[in-house]
Amino acid sequence: MLIELKNVSHIYADDFQGTEALKNINLKIRDHEFIGLVGHTGSGKSTLVQLLNGLIKPSSGSVIIDGVNITEEKTGLLGIRRKIGLVFQYPEHQLFEETVFGDVAFGPRNLGLSEEEVEVRVRESLELVGLDYEEFKDRSPFNLSGGQQRKVAIAGVLAMKPEVLILDEPSAGLDPQGRQQLISLLEYLYNKKGMTIILVSHRMEEIAHLANRVIVMSEGEIIFDDNPAKVFSEVERIRELGLDLPEITEILWRLNRKGLKVRTDIFSLAEAVEEISRELRGSEIC
Amino acid sequence: MLRNITIGQYMARDSIIHNLDPRIKIVITIMMITALFFIDTFSGYGLFFLSVLVIIYLSRIPLIRIIRGLKPVLFLVLLTLILHIFFTRGGEVIWQWGFISIEAEGLYTGLFMVTRIILLIMFTSLLTLTTSPLELTNGIEYLLSPLKRVGVPASELAMMMTIALRFIPTLLEEADKIMKAQMARGADFESGNLVKRARNLIPLLVPLFISAFRRADDLALAMESRCYHGGEGRTRLHELKVRAGDFIALALALLLCVAFIYF
(Lines give C-alpha, C1' and ligand atoms only; values in the text may rest on other atoms or scores of the structure.)
Protein backbone atom coordinates (compact mmCIF):
# COMPACT_ATOMS: atom_id res chain seq x y z
CA MET A 1 0.00 0.00 0.00
CA LEU A 2 1.22 3.39 -0.90
CA ILE A 3 0.47 6.49 1.07
CA GLU A 4 1.14 9.73 -0.65
CA LEU A 5 0.87 13.28 0.59
CA LYS A 6 0.86 15.97 -2.05
CA ASN A 7 1.41 19.61 -1.10
CA VAL A 8 -0.41 19.10 2.16
CA SER A 9 -0.87 22.10 4.42
CA HIS A 10 -2.94 22.24 7.54
CA ILE A 11 -4.05 25.28 9.46
CA TYR A 12 -5.92 25.03 12.74
CA ALA A 13 -8.51 27.66 11.99
CA ASP A 14 -10.10 27.73 15.42
CA ASP A 15 -7.07 29.43 16.93
CA PHE A 16 -7.26 33.17 16.62
CA GLN A 17 -4.00 33.37 14.74
CA GLY A 18 -4.69 30.29 12.64
CA THR A 19 -1.55 28.30 13.46
CA GLU A 20 -0.03 26.62 10.46
CA ALA A 21 0.63 23.11 11.72
CA LEU A 22 1.84 21.69 8.42
CA LYS A 23 3.43 23.57 5.55
CA ASN A 24 3.38 22.08 2.10
CA ILE A 25 4.30 18.52 2.98
CA ASN A 26 5.20 16.07 0.23
CA LEU A 27 5.73 12.53 1.35
CA LYS A 28 5.55 8.99 0.04
CA ILE A 29 5.26 5.99 2.32
CA ARG A 30 5.76 2.63 0.66
CA ASP A 31 4.93 -0.91 1.65
CA HIS A 32 6.91 -2.43 4.49
CA GLU A 33 8.75 0.61 5.69
CA PHE A 34 9.55 1.27 9.31
CA ILE A 35 9.46 5.00 9.71
CA GLY A 36 10.61 6.88 12.76
CA LEU A 37 8.89 10.24 12.99
CA VAL A 38 10.63 12.69 15.30
CA GLY A 39 10.35 16.35 16.13
CA HIS A 40 9.89 18.48 19.21
CA THR A 41 6.44 19.21 20.66
CA GLY A 42 4.36 21.25 18.24
CA SER A 43 6.39 20.32 15.19
CA GLY A 44 3.35 18.93 13.41
CA LYS A 45 3.88 15.19 14.00
CA SER A 46 0.49 14.57 15.54
CA THR A 47 -1.28 16.56 12.86
CA LEU A 48 0.52 14.59 10.16
CA VAL A 49 -0.37 11.30 11.79
CA GLN A 50 -4.06 12.23 12.08
CA LEU A 51 -4.17 13.26 8.44
CA LEU A 52 -3.03 9.80 7.43
CA ASN A 53 -6.25 8.11 8.44
CA GLY A 54 -8.66 10.88 7.72
CA LEU A 55 -9.29 12.05 11.25
CA ILE A 56 -8.62 15.57 10.08
CA LYS A 57 -8.74 16.98 6.60
CA PRO A 58 -5.87 19.01 5.22
CA SER A 59 -6.58 22.68 4.56
CA SER A 60 -5.03 22.19 1.14
CA GLY A 61 -3.30 19.45 -0.81
CA SER A 62 -4.31 15.81 -0.99
CA VAL A 63 -3.76 12.60 0.92
CA ILE A 64 -3.82 9.58 -1.37
CA ILE A 65 -4.04 6.11 0.11
CA ASP A 66 -3.94 3.12 -2.20
CA GLY A 67 -4.82 5.35 -5.10
CA VAL A 68 -7.84 6.80 -3.31
CA ASN A 69 -7.83 10.48 -2.56
CA ILE A 70 -9.26 10.48 0.95
CA THR A 71 -9.56 14.23 0.97
CA GLU A 72 -12.33 13.91 -1.61
CA GLU A 73 -14.02 10.60 -0.83
CA LYS A 74 -16.45 10.95 2.02
CA THR A 75 -17.74 7.43 2.53
CA GLY A 76 -14.52 5.45 2.33
CA LEU A 77 -13.16 6.49 5.70
CA LEU A 78 -14.04 3.29 7.55
CA GLY A 79 -12.08 1.36 4.94
CA ILE A 80 -9.14 3.70 5.41
CA ARG A 81 -9.28 3.28 9.16
CA ARG A 82 -9.29 -0.48 8.77
CA LYS A 83 -6.14 -0.29 6.67
CA ILE A 84 -4.37 2.26 8.80
CA GLY A 85 -4.37 1.65 12.52
CA LEU A 86 -3.61 4.56 14.80
CA VAL A 87 -2.50 4.12 18.39
CA PHE A 88 -2.81 7.45 20.13
CA GLN A 89 -0.68 8.74 22.95
CA TYR A 90 -1.69 7.13 26.24
CA PRO A 91 -4.09 4.80 24.41
CA GLU A 92 -5.18 3.27 27.71
CA HIS A 93 -7.22 6.44 28.27
CA GLN A 94 -9.73 5.31 25.66
CA LEU A 95 -10.64 2.02 27.33
CA PHE A 96 -14.34 1.97 28.09
CA GLU A 97 -15.78 -1.53 28.04
CA GLU A 98 -16.56 -3.71 31.02
CA THR A 99 -14.28 -6.49 29.87
CA VAL A 100 -10.97 -6.65 28.08
CA PHE A 101 -12.69 -8.75 25.43
CA GLY A 102 -15.34 -6.11 24.81
CA ASP A 103 -12.81 -3.36 24.44
CA VAL A 104 -10.56 -5.19 22.02
CA ALA A 105 -13.65 -6.30 20.09
CA PHE A 106 -14.86 -2.72 19.64
CA GLY A 107 -12.85 -2.10 16.47
CA PRO A 108 -13.60 -5.43 14.73
CA ARG A 109 -17.31 -5.07 15.60
CA ASN A 110 -17.35 -1.62 14.04
CA LEU A 111 -16.00 -3.27 10.92
CA GLY A 112 -19.13 -5.40 10.88
CA LEU A 113 -17.36 -8.74 11.29
CA SER A 114 -19.13 -11.88 12.50
CA GLU A 115 -18.90 -12.71 16.21
CA GLU A 116 -16.75 -15.78 15.46
CA GLU A 117 -14.31 -13.68 13.47
CA VAL A 118 -14.32 -11.05 16.21
CA GLU A 119 -13.41 -13.67 18.79
CA VAL A 120 -10.61 -15.05 16.64
CA ARG A 121 -9.21 -11.57 16.22
CA VAL A 122 -9.45 -10.66 19.88
CA ARG A 123 -7.67 -13.86 20.84
CA GLU A 124 -5.00 -13.28 18.23
CA SER A 125 -4.28 -9.68 19.11
CA LEU A 126 -4.26 -10.26 22.86
CA GLU A 127 -1.70 -13.03 22.40
CA LEU A 128 0.26 -10.73 20.10
CA VAL A 129 0.68 -8.13 22.83
CA GLY A 130 1.53 -10.88 25.29
CA LEU A 131 -1.65 -11.16 27.33
CA ASP A 132 -3.14 -14.58 27.93
CA TYR A 133 -6.59 -14.68 26.31
CA GLU A 134 -8.30 -16.94 28.84
CA GLU A 135 -6.84 -15.11 31.79
CA PHE A 136 -7.61 -11.60 30.66
CA LYS A 137 -10.69 -11.68 28.44
CA ASP A 138 -13.26 -11.37 31.23
CA ARG A 139 -11.37 -8.99 33.45
CA SER A 140 -12.23 -5.32 33.68
CA PRO A 141 -9.65 -3.24 31.83
CA PHE A 142 -9.75 -0.75 34.70
CA ASN A 143 -8.33 -3.23 37.19
CA LEU A 144 -5.20 -3.87 35.17
CA SER A 145 -1.82 -2.26 35.66
CA GLY A 146 -0.93 0.70 33.47
CA GLY A 147 1.33 -1.40 31.29
CA GLN A 148 -1.34 -4.07 30.81
CA GLN A 149 -3.93 -1.42 30.01
CA ARG A 150 -1.71 -0.10 27.28
CA LYS A 151 -1.30 -3.58 25.88
CA VAL A 152 -5.07 -4.00 25.79
CA ALA A 153 -5.44 -0.67 24.02
CA ILE A 154 -2.82 -1.58 21.43
CA ALA A 155 -4.49 -4.98 20.96
CA GLY A 156 -7.70 -3.06 20.26
CA VAL A 157 -6.06 -1.44 17.26
CA LEU A 158 -4.27 -4.61 16.12
CA ALA A 159 -7.58 -6.47 16.14
CA MET A 160 -8.60 -4.39 13.14
CA LYS A 161 -5.70 -5.99 11.26
CA PRO A 162 -4.31 -2.81 9.82
CA GLU A 163 -1.72 -2.91 7.06
CA VAL A 164 -0.12 0.25 8.37
CA LEU A 165 0.30 0.81 12.09
CA ILE A 166 0.94 4.29 13.39
CA LEU A 167 1.95 4.69 17.02
CA ASP A 168 2.19 8.06 18.76
CA GLU A 169 4.67 7.83 21.63
CA PRO A 170 3.67 4.28 22.53
CA SER A 171 6.39 3.88 25.14
CA ALA A 172 5.73 7.10 27.08
CA GLY A 173 5.32 6.33 30.74
CA LEU A 174 6.16 2.64 30.47
CA ASP A 175 8.75 0.99 32.70
CA PRO A 176 11.91 -0.41 31.06
CA GLN A 177 10.47 -3.90 30.88
CA GLY A 178 7.25 -2.67 29.27
CA ARG A 179 9.27 -0.65 26.80
CA GLN A 180 11.35 -3.66 25.88
CA GLN A 181 8.22 -5.73 25.31
CA LEU A 182 6.80 -3.00 23.12
CA ILE A 183 9.97 -2.87 21.03
CA SER A 184 9.85 -6.65 20.59
CA LEU A 185 6.22 -6.42 19.54
CA LEU A 186 7.00 -3.76 16.94
CA GLU A 187 9.91 -5.83 15.62
CA TYR A 188 7.64 -8.84 15.37
CA LEU A 189 4.89 -6.94 13.58
CA TYR A 190 7.38 -5.50 11.13
CA ASN A 191 9.49 -8.58 10.44
CA LYS A 192 6.97 -11.39 10.75
CA LYS A 193 3.66 -9.73 9.90
CA GLY A 194 5.07 -7.49 7.22
CA MET A 195 3.34 -4.39 8.49
CA THR A 196 4.30 -0.87 7.62
CA ILE A 197 5.00 0.94 10.85
CA ILE A 198 5.21 4.63 11.62
CA LEU A 199 6.60 5.27 15.07
CA VAL A 200 6.42 8.69 16.66
CA SER A 201 8.86 8.88 19.52
CA HIS A 202 11.16 11.11 21.49
CA ARG A 203 13.40 8.19 22.34
CA MET A 204 16.04 8.25 19.67
CA GLU A 205 17.42 4.87 20.76
CA GLU A 206 14.14 3.28 19.83
CA ILE A 207 14.07 5.05 16.50
CA ALA A 208 17.68 4.28 15.65
CA HIS A 209 17.23 0.68 16.67
CA LEU A 210 13.96 0.01 14.84
CA ALA A 211 13.43 2.37 11.95
CA ASN A 212 14.90 2.10 8.49
CA ARG A 213 13.78 5.59 7.61
CA VAL A 214 13.76 8.65 9.84
CA ILE A 215 11.67 11.73 9.21
CA VAL A 216 12.55 14.79 11.24
CA MET A 217 9.97 17.53 11.49
CA SER A 218 10.16 21.07 12.75
CA GLU A 219 7.70 23.95 12.54
CA GLY A 220 5.40 21.98 10.27
CA GLU A 221 8.08 21.11 7.75
CA ILE A 222 10.07 18.00 6.98
CA ILE A 223 13.72 18.77 7.70
CA PHE A 224 15.28 15.36 7.11
CA ASP A 225 13.94 12.25 5.46
CA ASP A 226 16.59 9.57 5.14
CA ASN A 227 18.01 6.44 6.71
CA PRO A 228 18.99 6.66 10.40
CA ALA A 229 22.73 6.71 9.73
CA LYS A 230 22.42 9.74 7.44
CA VAL A 231 19.97 11.61 9.66
CA PHE A 232 21.86 11.07 12.89
CA SER A 233 25.11 12.16 11.27
CA GLU A 234 23.62 15.67 11.13
CA VAL A 235 24.55 16.04 14.77
CA GLU A 236 24.56 19.82 14.96
CA ARG A 237 21.28 20.32 13.08
CA ILE A 238 19.54 17.69 15.20
CA ARG A 239 20.67 19.49 18.34
CA GLU A 240 19.58 22.84 16.96
CA LEU A 241 16.11 21.42 16.49
CA GLY A 242 16.00 20.63 20.18
CA LEU A 243 16.21 16.88 19.68
CA ASP A 244 18.42 14.25 21.26
CA LEU A 245 20.77 11.86 19.58
CA PRO A 246 20.71 8.15 20.30
CA GLU A 247 23.00 7.59 23.29
CA ILE A 248 25.37 5.44 21.29
CA THR A 249 25.67 8.04 18.55
CA GLU A 250 26.27 10.67 21.20
CA ILE A 251 29.16 8.72 22.73
CA LEU A 252 30.73 7.81 19.40
CA TRP A 253 30.40 11.38 18.22
CA ARG A 254 32.07 12.77 21.33
CA LEU A 255 34.89 10.26 21.09
CA ASN A 256 35.28 11.28 17.50
CA ARG A 257 35.62 14.93 18.48
CA LYS A 258 38.29 13.98 21.02
CA GLY A 259 40.33 12.52 18.19
CA LEU A 260 39.38 8.84 18.29
CA LYS A 261 38.49 8.00 14.70
CA VAL A 262 35.42 5.86 15.33
CA ARG A 263 32.50 5.57 12.95
CA THR A 264 29.39 7.34 14.19
CA ASP A 265 26.77 5.49 12.15
CA ILE A 266 26.47 2.55 14.51
CA PHE A 267 23.27 1.97 16.47
CA SER A 268 23.75 -1.30 18.30
CA LEU A 269 25.65 -1.61 21.52
CA ALA A 270 27.67 -4.67 20.52
CA GLU A 271 28.89 -3.08 17.31
CA ALA A 272 29.77 0.11 19.12
CA VAL A 273 31.85 -1.77 21.68
CA GLU A 274 33.65 -3.57 18.88
CA GLU A 275 34.28 -0.37 16.97
CA ILE A 276 35.63 1.48 19.97
CA SER A 277 37.94 -1.33 21.09
CA ARG A 278 39.18 -1.82 17.55
CA GLU A 279 40.04 1.86 17.30
CA LEU A 280 41.60 1.90 20.76
CA ARG A 281 43.87 -1.01 19.92
CA GLY A 282 45.10 0.72 16.80
CA SER A 283 45.57 4.16 18.32
CA GLU A 284 48.28 5.77 20.38
CA ILE A 285 46.05 6.59 23.34
CA CYS A 286 46.40 3.19 24.99
CA MET B 1 -14.64 19.42 16.11
CA LEU B 2 -15.62 20.30 19.64
CA ARG B 3 -13.26 23.17 19.83
CA ASN B 4 -15.48 25.93 18.55
CA ILE B 5 -17.77 25.84 21.56
CA THR B 6 -17.32 29.09 23.45
CA ILE B 7 -17.57 29.07 27.18
CA GLY B 8 -19.83 31.68 28.67
CA GLN B 9 -20.12 34.63 26.41
CA TYR B 10 -17.51 36.97 27.80
CA MET B 11 -16.10 39.38 25.21
CA ALA B 12 -12.81 40.86 26.24
CA ARG B 13 -12.75 44.59 25.52
CA ASP B 14 -11.10 47.56 27.11
CA SER B 15 -14.07 49.66 28.17
CA ILE B 16 -15.18 51.49 31.28
CA ILE B 17 -17.91 48.91 31.75
CA HIS B 18 -15.44 46.03 31.58
CA ASN B 19 -13.16 47.75 34.05
CA LEU B 20 -15.81 48.22 36.71
CA ASP B 21 -15.45 46.16 39.85
CA PRO B 22 -17.34 42.88 39.37
CA ARG B 23 -19.03 43.23 42.76
CA ILE B 24 -20.38 46.64 41.79
CA LYS B 25 -21.54 45.24 38.47
CA ILE B 26 -23.39 42.42 40.19
CA VAL B 27 -25.00 44.81 42.68
CA ILE B 28 -26.01 47.19 39.90
CA THR B 29 -27.49 44.34 37.92
CA ILE B 30 -29.54 43.16 40.88
CA MET B 31 -30.73 46.74 41.50
CA MET B 32 -31.67 47.33 37.89
CA ILE B 33 -33.50 44.02 37.60
CA THR B 34 -35.45 44.72 40.78
CA ALA B 35 -36.32 48.19 39.50
CA LEU B 36 -37.40 46.64 36.22
CA PHE B 37 -40.10 44.71 38.06
CA PHE B 38 -41.43 47.90 39.64
CA ILE B 39 -41.75 49.74 36.36
CA ASP B 40 -45.39 49.97 35.39
CA THR B 41 -45.46 52.29 32.40
CA PHE B 42 -44.11 51.97 28.89
CA SER B 43 -42.30 55.28 29.29
CA GLY B 44 -40.41 53.72 32.20
CA TYR B 45 -39.41 50.89 29.90
CA GLY B 46 -38.40 53.44 27.30
CA LEU B 47 -36.01 55.04 29.76
CA PHE B 48 -34.66 51.63 30.80
CA PHE B 49 -34.10 50.69 27.18
CA LEU B 50 -32.31 53.97 26.58
CA SER B 51 -29.96 53.37 29.50
CA VAL B 52 -29.27 49.83 28.27
CA LEU B 53 -28.34 51.27 24.88
CA VAL B 54 -25.99 53.76 26.51
CA ILE B 55 -24.30 50.97 28.51
CA ILE B 56 -23.97 48.83 25.38
CA TYR B 57 -22.36 51.74 23.61
CA LEU B 58 -19.95 52.34 26.49
CA SER B 59 -19.05 48.66 26.72
CA ARG B 60 -18.06 48.49 23.03
CA ILE B 61 -19.99 45.25 22.65
CA PRO B 62 -21.58 45.04 19.21
CA LEU B 63 -25.36 45.44 19.49
CA ILE B 64 -25.80 42.37 17.30
CA ARG B 65 -24.27 40.17 20.03
CA ILE B 66 -26.86 41.30 22.54
CA ILE B 67 -29.66 40.75 20.04
CA ARG B 68 -28.34 37.30 19.20
CA GLY B 69 -28.37 36.54 22.90
CA LEU B 70 -32.15 36.99 22.83
CA LYS B 71 -32.65 34.09 20.43
CA PRO B 72 -32.84 31.33 23.05
CA VAL B 73 -35.72 33.12 24.83
CA LEU B 74 -37.62 33.85 21.64
CA PHE B 75 -39.94 30.92 22.28
CA LEU B 76 -40.66 32.06 25.82
CA VAL B 77 -41.35 35.59 24.56
CA LEU B 78 -43.77 34.42 21.89
CA LEU B 79 -45.54 32.05 24.26
CA THR B 80 -46.00 34.82 26.83
CA LEU B 81 -47.37 37.14 24.20
CA ILE B 82 -49.83 34.59 22.81
CA LEU B 83 -51.06 33.45 26.20
CA HIS B 84 -51.70 37.00 27.33
CA ILE B 85 -53.33 38.08 24.10
CA PHE B 86 -55.83 35.25 24.07
CA PHE B 87 -56.43 34.60 27.72
CA THR B 88 -56.13 37.86 29.60
CA ARG B 89 -59.56 39.48 29.70
CA GLY B 90 -60.63 43.06 30.13
CA GLY B 91 -60.94 46.27 28.17
CA GLU B 92 -62.67 46.60 24.85
CA VAL B 93 -62.80 43.73 22.40
CA ILE B 94 -60.47 44.39 19.51
CA TRP B 95 -61.08 41.30 17.46
CA GLN B 96 -63.46 38.41 17.74
CA TRP B 97 -63.99 35.13 15.92
CA GLY B 98 -66.35 32.70 17.52
CA PHE B 99 -65.31 32.21 21.10
CA ILE B 100 -61.78 33.44 20.44
CA SER B 101 -61.33 37.10 21.15
CA ILE B 102 -58.53 39.54 21.68
CA GLU B 103 -59.18 42.18 24.27
CA ALA B 104 -57.28 45.40 24.89
CA GLU B 105 -56.11 44.40 28.34
CA GLY B 106 -54.62 41.17 26.99
CA LEU B 107 -52.73 42.90 24.22
CA TYR B 108 -51.43 45.51 26.62
CA THR B 109 -50.32 43.05 29.30
CA GLY B 110 -48.80 40.77 26.68
CA LEU B 111 -46.64 43.50 25.20
CA PHE B 112 -45.79 44.72 28.66
CA MET B 113 -44.55 41.33 29.83
CA VAL B 114 -42.63 40.71 26.64
CA THR B 115 -40.84 44.04 26.96
CA ARG B 116 -39.97 43.15 30.52
CA ILE B 117 -38.49 39.77 29.57
CA ILE B 118 -36.47 41.24 26.70
CA LEU B 119 -35.02 44.02 28.85
CA LEU B 120 -34.26 41.53 31.62
CA ILE B 121 -32.28 39.30 29.28
CA MET B 122 -30.51 42.24 27.68
CA PHE B 123 -29.32 43.61 30.97
CA THR B 124 -28.19 40.33 32.48
CA SER B 125 -26.37 39.31 29.32
CA LEU B 126 -24.58 42.65 29.52
CA LEU B 127 -23.19 41.49 32.85
CA THR B 128 -21.88 38.19 31.50
CA LEU B 129 -20.63 39.78 28.30
CA THR B 130 -18.50 42.34 30.09
CA THR B 131 -17.35 40.32 33.10
CA SER B 132 -15.06 37.31 32.75
CA PRO B 133 -16.27 34.15 34.50
CA LEU B 134 -13.38 34.38 36.92
CA GLU B 135 -14.19 37.95 37.90
CA LEU B 136 -17.81 36.98 38.32
CA THR B 137 -16.87 34.15 40.66
CA ASN B 138 -14.66 36.47 42.69
CA GLY B 139 -17.45 39.00 42.91
CA ILE B 140 -19.98 36.39 43.99
CA GLU B 141 -17.61 35.00 46.58
CA TYR B 142 -17.11 38.44 48.04
CA LEU B 143 -20.79 39.26 48.08
CA LEU B 144 -21.61 35.93 49.70
CA SER B 145 -18.93 36.23 52.35
CA PRO B 146 -21.22 37.83 54.98
CA LEU B 147 -23.24 34.61 54.79
CA LYS B 148 -20.22 32.61 55.96
CA ARG B 149 -21.32 33.35 59.51
CA VAL B 150 -24.52 31.44 59.01
CA GLY B 151 -22.61 28.53 57.51
CA VAL B 152 -22.68 29.20 53.78
CA PRO B 153 -19.34 27.94 52.41
CA ALA B 154 -18.84 30.96 50.13
CA SER B 155 -15.15 30.44 49.36
CA GLU B 156 -15.64 26.76 48.68
CA LEU B 157 -18.54 27.48 46.36
CA ALA B 158 -16.40 30.02 44.53
CA MET B 159 -13.50 27.57 44.33
CA MET B 160 -15.82 24.95 42.87
CA MET B 161 -17.03 27.37 40.24
CA THR B 162 -13.49 28.45 39.39
CA ILE B 163 -12.31 24.86 39.02
CA ALA B 164 -15.32 23.93 36.91
CA LEU B 165 -14.70 26.86 34.59
CA ARG B 166 -10.99 26.15 34.43
CA PHE B 167 -11.52 22.56 33.36
CA ILE B 168 -14.12 23.08 30.66
CA PRO B 169 -11.50 23.63 27.92
CA THR B 170 -9.36 20.80 29.27
CA LEU B 171 -12.23 18.36 29.19
CA LEU B 172 -13.27 19.52 25.73
CA GLU B 173 -9.77 18.84 24.50
CA GLU B 174 -9.82 15.46 26.17
CA ALA B 175 -13.18 14.65 24.60
CA ASP B 176 -11.82 15.60 21.20
CA LYS B 177 -8.86 13.28 21.68
CA ILE B 178 -10.92 10.31 22.86
CA MET B 179 -13.39 10.87 20.04
CA LYS B 180 -10.60 10.73 17.49
CA ALA B 181 -9.11 7.65 19.09
CA GLN B 182 -12.44 5.83 18.95
CA MET B 183 -13.04 7.03 15.40
CA ALA B 184 -9.69 5.51 14.50
CA ARG B 185 -11.18 2.25 15.76
CA GLY B 186 -14.14 2.70 13.47
CA ALA B 187 -16.55 4.37 15.90
CA ASP B 188 -19.24 6.46 14.28
CA PHE B 189 -20.50 9.53 16.08
CA GLU B 190 -22.29 11.17 13.22
CA SER B 191 -24.93 8.87 11.80
CA GLY B 192 -27.89 6.79 12.95
CA ASN B 193 -31.06 7.71 14.79
CA LEU B 194 -31.20 9.34 18.20
CA VAL B 195 -31.08 6.14 20.27
CA LYS B 196 -28.21 4.73 18.24
CA ARG B 197 -26.32 7.97 18.47
CA ALA B 198 -26.77 8.11 22.22
CA ARG B 199 -25.49 4.57 22.53
CA ASN B 200 -22.56 5.39 20.27
CA LEU B 201 -21.53 8.04 22.79
CA ILE B 202 -20.68 5.44 25.44
CA PRO B 203 -17.12 4.88 24.12
CA LEU B 204 -16.64 8.63 24.48
CA LEU B 205 -18.38 9.25 27.80
CA VAL B 206 -16.92 6.41 29.86
CA PRO B 207 -13.28 7.35 29.24
CA LEU B 208 -14.17 11.02 29.65
CA PHE B 209 -15.68 10.43 33.08
CA ILE B 210 -12.79 8.26 34.16
CA SER B 211 -10.32 10.91 33.12
CA ALA B 212 -12.34 13.61 34.88
CA PHE B 213 -12.26 11.62 38.12
CA ARG B 214 -8.56 10.98 37.72
CA ARG B 215 -7.98 14.67 37.18
CA ALA B 216 -10.07 15.49 40.22
CA ASP B 217 -7.94 13.18 42.35
CA ASP B 218 -4.73 14.65 40.99
CA LEU B 219 -5.94 18.21 41.48
CA ALA B 220 -7.04 17.52 45.06
CA LEU B 221 -3.65 16.04 45.82
CA ALA B 222 -1.83 18.95 44.18
CA MET B 223 -3.91 21.48 46.11
CA GLU B 224 -3.40 19.72 49.42
CA SER B 225 0.31 19.39 48.86
CA ARG B 226 0.33 23.16 48.46
CA CYS B 227 -1.49 23.51 51.75
CA TYR B 228 -4.96 24.33 50.52
CA HIS B 229 -7.29 23.95 53.47
CA GLY B 230 -10.38 25.79 52.42
CA GLY B 231 -10.98 29.48 52.01
CA GLU B 232 -10.11 30.49 55.57
CA GLY B 233 -7.50 33.24 55.54
CA ARG B 234 -6.70 32.79 51.89
CA THR B 235 -5.34 35.83 50.09
CA ARG B 236 -5.55 36.44 46.39
CA LEU B 237 -3.26 37.55 43.62
CA HIS B 238 -5.64 40.17 42.31
CA GLU B 239 -7.37 41.90 45.21
CA LEU B 240 -10.64 43.47 44.21
CA LYS B 241 -10.54 47.22 44.72
CA VAL B 242 -13.45 49.60 44.55
CA ARG B 243 -12.42 52.81 42.82
CA ALA B 244 -14.08 56.21 42.43
CA GLY B 245 -15.53 55.17 39.09
CA ASP B 246 -17.30 52.27 40.74
CA PHE B 247 -19.01 54.57 43.23
CA ILE B 248 -20.07 56.90 40.46
CA ALA B 249 -21.52 53.97 38.53
CA LEU B 250 -23.36 52.79 41.60
CA ALA B 251 -24.75 56.26 42.27
CA LEU B 252 -25.87 56.63 38.66
CA ALA B 253 -27.58 53.25 38.82
CA LEU B 254 -29.40 54.24 42.00
CA LEU B 255 -30.57 57.47 40.39
CA LEU B 256 -31.74 55.59 37.34
CA CYS B 257 -33.67 53.09 39.44
CA VAL B 258 -35.52 55.87 41.21
CA ALA B 259 -36.20 57.56 37.87
CA PHE B 260 -37.59 54.34 36.35
CA ILE B 261 -40.07 53.83 39.12
CA TYR B 262 -41.33 57.43 39.20
CA PHE B 263 -41.31 57.99 35.48
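**View 1. Chain B as a whole.** With 263 residues, a compact globule would have a radius of gyration near 18 Å, but chain B comes out at 24 Å (taken over C-alpha atoms; the globule rule is 2.2 Å times the number of residues to the power 0.38). Keep in mind that this is a predicted model, where local features need pLDDT of at least 70, side-chain atom pairs count only at pLDDT 80 or more, and totals for chains, interfaces and linings use all residues. Residues are numbered from 1 along each chain as its sequence is written, while chains are lettered from A and ligands numbered from 1 in the order in which they are written. Along its principal axes, the C-alpha trace of chain B spans about 70 × 55 × 40 Å.

**View 2. The pieces of chain B.** Ten helices and two strands make up the element list of chain B (DSSP runs numbered from the N terminus: H or I of at least four residues for helices, E of at least two for strands). Reading from the N terminus, they go α-α-α-α-β-β-α-α-α-α-α-α. Chain B splits into domain 1 (22-131 + 240-262) and domain 2 (147-225), with bounds from an automatic or database domain assignment. The centres of these two domains of chain B, taken over C-alpha atoms, are 36 Å apart.

**View 3. The six-stranded sheet of chain A.** Here an open, mixed sheet of six strands runs in the order β6-β7-β8-β3-β9-β10 (strands pair if DSSP finds at least two bridges between them). Since β6 (84-87) and β10 (221-226) of chain A stand at the edges with a single partner strand each, one side of each has no neighbour in the sheet. On average, neighbouring strands of this sheet are turned by 15° against each other, direction ignored. Look for β3 (residues 34-38) and β9 (residues 213-218) of chain A, a parallel pair with four bridges; A:Ile35 has A:Arg213 in β9(A) as its bridge partner. Helix α7 (residues 176-191) of chain A lies across β3, β7 (164-168) and β8 (196-200), at about 150° to β8(A) (axes are lines fitted to C-alpha atoms, for helices over the stretch in contact, and angles run from 0 to 180 degrees between N-to-C directions).

**View 4. The four-stranded sheet of chain A.** This open sheet is antiparallel, ordered β2-β1-β4-β5. Its edges are β2 (19-29) and β5 (68-69) of chain A, each with a single partner strand, so one side of each is left without a neighbour in the sheet. Strand β4 (residues 60-65) of chain A and β5(A) run antiparallel and share two bridges, and A:Ile64 has A:Asn69 in β5(A) as its bridge partner.

**View 5. Where the chains meet.** Chain B puts 17 residues into the contact and chain A puts in 20 (residues are in contact if their C-beta atoms, placed from the backbone, lie within 7 Å). On the chain B side, α7 (154-184) and α9 (202-225) each give two or more residues. The largest share, seven residues, belongs to α7(B). Sorted by class, this side of chain B has nine nonpolar, four polar and four charged residues (Ala, Val, Leu, Ile, Met, Phe, Trp, Tyr, Cys and Pro count as nonpolar, Asp, Glu, Lys and Arg as charged, and the others, Gly among them, as polar).

Notes:
Contact = placed C-beta atoms within 7 Å.
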